[in-house]
Amino acid sequence: MTTRRTTIKRGCDLISNHLKNETSPYLLQHADNPVDWYPWGGEAFRRAEAEDKPIFLSIGYSACHWCHVMARESFEDAQTAALLNRWFISVKVDREERPDLDSVYMTFCQAFTGSGGWPTSIFLTPDQQPFFAGTYFPKRRQGRMVSFAELLTLIHTEWEQNRSALLGQAKEIVTLLNRPQAAADRAEPALLEEAVQLYRRLFDAKNGGFGSAPKFPAPHNLLFLLAYHQRRGGGACLEMAERTLLQMYRGGLFDHIGGGFCRYSTDARFLVPHFEKMLYDNALLMLAYCAAYTVTKKELYLLVAERTADFILREMTSPDGGFYSAQDADSGGEEGKYYLFKPAELAEVLGPAQGKAFCQHFNMTDTGNFEGKNIPNLLHSDPSHRSFDSALEKVYQYRISRCALRLDDKILTAWNALAIAALCRLYQTGGHQKYLDAAKRADQFIWSNLWAGDTLHVSFRANRRGAKGFLDDYAACLYAQLALYGATLEKAYLERAARLCQETLTQFLDKQNGGFYLYGEEHEALILRPKETYDGAMPSGNALMAWNLVRLSQLVSEKTYGPLAERQLDFLSADARQYPTGYGMFLLALLEHSDPPPKVTAVLSHPSEAERLPLRLPPEAAVILREPGPDYPLINGRATFYVCQGHSCQPPVNEWPVL
């Protein structure tokens with residue numbers, strides 16, 4: 001489809017930009033740039049071919065701080081834009097709407113430079129072959145880092161005068177990246193213990209978390225450690241998980257005023273966050289805190305999960321029930337401004353006495369803990385102290401009146417699905433109906449707006465669906481259906497899960513070599529067709545599918561899904577063996593397969609008993625409802641549980657037994 005060309009007049013210059021009719025908030029942030037941006041598509045490539053120009057591809061997302069910095073310094077600068085417009089065809093991509101492009105070109109960036117990040121800056125030939133890569137480039141030279149304008153000049157000169165050498169090395173890298181992945185290995189349960197030992201070596205016993213700064217939450221790692229402790233015991237796993245969860249909450253990573261977690265910590269103590277808030281981080285952290293409460297029964301963990309959910313329901317939920325993607329790190333052009341305070345402000349809001357006590361509790365001083373201002377935190381206070389709850393609401397109302405955060409209001413299928421699963425788990429953990437209601441509304445939003453025919457779509461905004469869904473969308477949506485079934489025991493969710501699984505197998509499975517491709521046969525063919533296995537901030541689609549297949553084998557059919565689950569676990573184990581702590585969701589699936597949860601066949605005396613049954617049973621149990629009959633009769637005329645674990649079954653009981 002040809003994009004509409006909008007002409008913008010600045011001074012005496014006429015500027016054309018092709019992003020005006022996009023729906024992505026990130027692309028629309030650049031619609032008024034003097035850079036002649038195109039969205040990814042044939043129009044840009046045809047022009048690059050016709051004019052024999054390289055493509056400058058810039059990939060980012062709307063809440064990305066350094067994306068904003070590069071935009072202010074370079075993309076909004078008329079002189080830099082003139083260089084781009086003269087020598088290049090410039091293409092903007094929202095990584096959240098096109099994870100396939102992000103994966104392919106981030107893989108090249110990492111191979112080319114040894115690292116990656118956003119904004120991702122890639123230079124391509126007109127046929128989409130990358131030949132140079134980097135991330136952020138400053139407006140002016142900084143030490144050994146060339147300025148962006150210098151880089152553009154160098155690339156242009158080499159393109160014109162030494163093109164074959166410029167392209168040669170890049171071709172070798174792309175060839176190497178297209179090699180088949182390692183052959184599948186047998187997924188041995190011993191890998192679980194190897195992973196635990198590596199977590200122990202990486203664990204920061206003083207500050208929580210793993211490794212050094214920056215520290216990312218990686219909740220799927222914590223979910224594995226908690227599940228390992230629950231299934232196999234061993235104090236180290238619980239200690240590592242609890243210490244990390246407690247420190248993340250006490251530090252500035254958690255928003256003590258409004259609830260919810262920021263993206264990651266820039267320091268080892270979890271004090272100074274990168275201030276953007278992402279839906280998926282908060283969903284996964286809710287799962288981790290719920291799991292910690294299930295294991296320990298410590299009320300603080302449930303409180304953190306509920307405050308995180310309440311943040312999502314208050315600030316990240318659309319009128320129709322879908323969940324928005326992110327809140328920006330910047331406000332008023334300043335990183336973190338929205339979250340920072342001075343004691344004088346709080347004295348004015350709360351009064352001198354309460355303001356002073358509030359600042360003492362949340363460790364805020366006149367000198368500040370971040371650039372002369374303060375990030376509220378509990379690193380030196382009792383985290384269970386609740387006497388300031390009423391003051392928090394006053395401070396929250398003051399904060400939202402002081403300045404606003406930019407909201408990325410697109411609704412992403414995969415991220416919504418993770419939030420649905422988290423809300424289901426929170427309902428099962430704490431029993432509050434509002435969380436299950438929110439999960440059901442969001443699920444209905446997906447099926448009403450993001451499912452068309454037999455196809456999921458990536459995103460929804462401004463009444464328009466985005467691209468056809470990728471593996472992560474299907475895997476996460478399947479995961480959500482299994483969570484909804486666990487929270488309701490309604491058979492319709494299992495039926496949807498089976499349907500989604502079949503679509504995923506049809507569209508993405510590599511039947512010959514195992515594993516699932518990121519994009520399907522019907523998607524645009526790119527220079528690579530990746531199979532993502534490593535867990536980043538979110539679990540990989542392949543790891544989620546491993547967990548889904550294991551769970552389906554427990555709930556639906558061992559005969560149908562068991563062999564598929566084992567093959568998927570075997571496929572992932574080859575990569576996971578190299579660095580198991582990067583594969584937390586796979587480890588969780590392998591543990592679920594090796595040490596299965598109790599299988600509960602529930603025979604009810606009346607259908608209404610099913611409504612509250614999920615609150616009586618462990619969230620991890622595999623529960624199947626059956627009608628009374630010769631094989632599963634009612635005992636004493638009451639609801640009866642037939643419980644099996646491993647290769648043994650207990651006598652049927654009317655009350656849930658303690659295992």
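User: Over how many bridges do strand E6 (residues 120-124) and E7 pair in the antiparallel sense?
Analyst: This is a predicted model, in which local features need pLDDT of at least 70 and side-chain atom pairs count only at pLDDT 80 or more, while totals for chains, interfaces and linings use all residues. Residues are numbered from 1 along each chain as its sequence is written, and side-chain values use heavy atoms, without hydrogens and water. Helices (H or I, at least four residues) and strands (E, at least two) are DSSP runs numbered from the N terminus, and two strands pair if DSSP finds at least two bridges between them. For E6 and E7, the number of bridges is 4.

User: Which residue in E7 stands opposite serine 121?
Analyst: Strands of a sheet pair through backbone hydrogen bonds, either parallel or antiparallel. E6 and E7 pair in the antiparallel sense. Opposite serine 121 in this pair is glycine 134.

User: Which residue in the hairpin of E6 and E7 takes a positive phi?
Analyst: The hairpin has 5 residues between the strands. A positive phi near 75 degrees belongs to glutamine 128.

User: Which strands stand at the edges of the sheet?
Analyst: The sheet is open, with 5 strands in the order E3-E5-E4-E6-E7 and mixed pairing. An edge strand here has a single partner strand, so one side of it is left without a neighbour in the sheet; these strands are E3 (37-39) and E7 (130-134).

User: Which elements do the buried residues of H7 pack against?
Analyst: The buried residues of H7 are Leu166, Leu167, Ala170, Ile173 and Val174. Contact means heavy atoms within 4.5 Å. The partners are helix H5 (99-113), E7 and helix H6 (148-161).

User: At what angle do helix H10 (residues 235-250) and helix H12 (residues 299-315) pack?
Analyst: Axes are lines fitted to C-alpha atoms, for helices over the stretch in contact, and angles run from 0 to 180 degrees between N-to-C directions. Glu242, Leu245, Leu246 and Tyr249 in H10 meet Leu300, Tyr301 and Val304 in H12. The axes are 11 Å apart, and the angle is about 50 degrees.

User: Is the crossing of H8 and H10 left-handed or right-handed?
Analyst: Val196, Tyr199 and Arg200 in H8 meet Ala236, Cys237 and Met240 in H10. The axes of helix H8 (residues 190-202) and H10 come within 11 Å and cross at roughly 50 degrees. A crossing is left-handed if the near helix is turned anticlockwise from the far one by less than a right angle, and right-handed if clockwise. The crossing of H8 and H10 is left-handed.

Key
Buried means under 20% relative accessible area, exposed over 50%, partly exposed in between (1.4 Å probe, protein chains only).
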